[in-house]
Amino acid sequence: MNINDYTGRRYDFRRYNCWHHVRAVRADVGIDTPAFDVAAPSGADAMFTEGFRDSRGLVRVYEPQDFDAVLMGERHGSRILWHSGVYYGGYVSHCELAARQVKLEALADIRARFQEIQFWR
């Protein structure tokens, strides 16, 4: 599996959102990843409150390895809006809202944009 195979894939919140992407990439390398109900943006925010409210077996780690799930939080007032992607070789593959597609971005660039970064295995 080549992480770049996902780059450019169309993003659609209802059909292929950031958590769908995490599950798809990890499944391609044989990693089972729990499903979460993120049918609405508020559902995604609730799921990721302070990380996972119920991680369903995922464990938070502090040094990423290839194919770890990445949670990225951006502060909006008193709230944190969460987004997710997959770590690979110093990059994060994730659904980019503005581009409406999957992008592969350097972790350093992700860290510069998001105030909260968590890795889950």
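User: What makes strand 1 and strand 6 a pair?

Analyst: Strand 1 and strand 6 (residues 116-120) are joined by two bridges in the antiparallel sense. Pairing requires that DSSP finds at least two bridges between two strands, so strands 1 and 6 qualify. Val-61 has Phe-119 of strand 6 as its bridge partner. The model is predicted: local features need pLDDT of at least 70 and side-chain atom pairs pLDDT 80 or more, while totals for chains, interfaces and linings use all residues. Residues are numbered from 1 along each chain as its sequence is written, and side-chain values use heavy atoms, without hydrogens and water.

User: Why do strand 1 and strand 5 stand at the edges?

Analyst: The open sheet has six strands in the order 1-6-2-3-4-5, with antiparallel pairing. Strand 1 (60-61) and strand 5 (101-106) each have a single partner strand, so one side of each lacks a neighbour in the sheet. Strands are DSSP runs of E, at least two residues, and helices runs of H or I, at least four, numbered from the N terminus.

User: How do you know whether Cys-18 and Cys-95 are buried or exposed?

Analyst: Buried means under 20% relative accessible area, exposed over 50%, and partly exposed in between (1.4 Å probe, protein chains only). Cys-18 has 11% relative accessibility, so Cys-18 is buried. Cys-95, with 3%, is therefore also buried.
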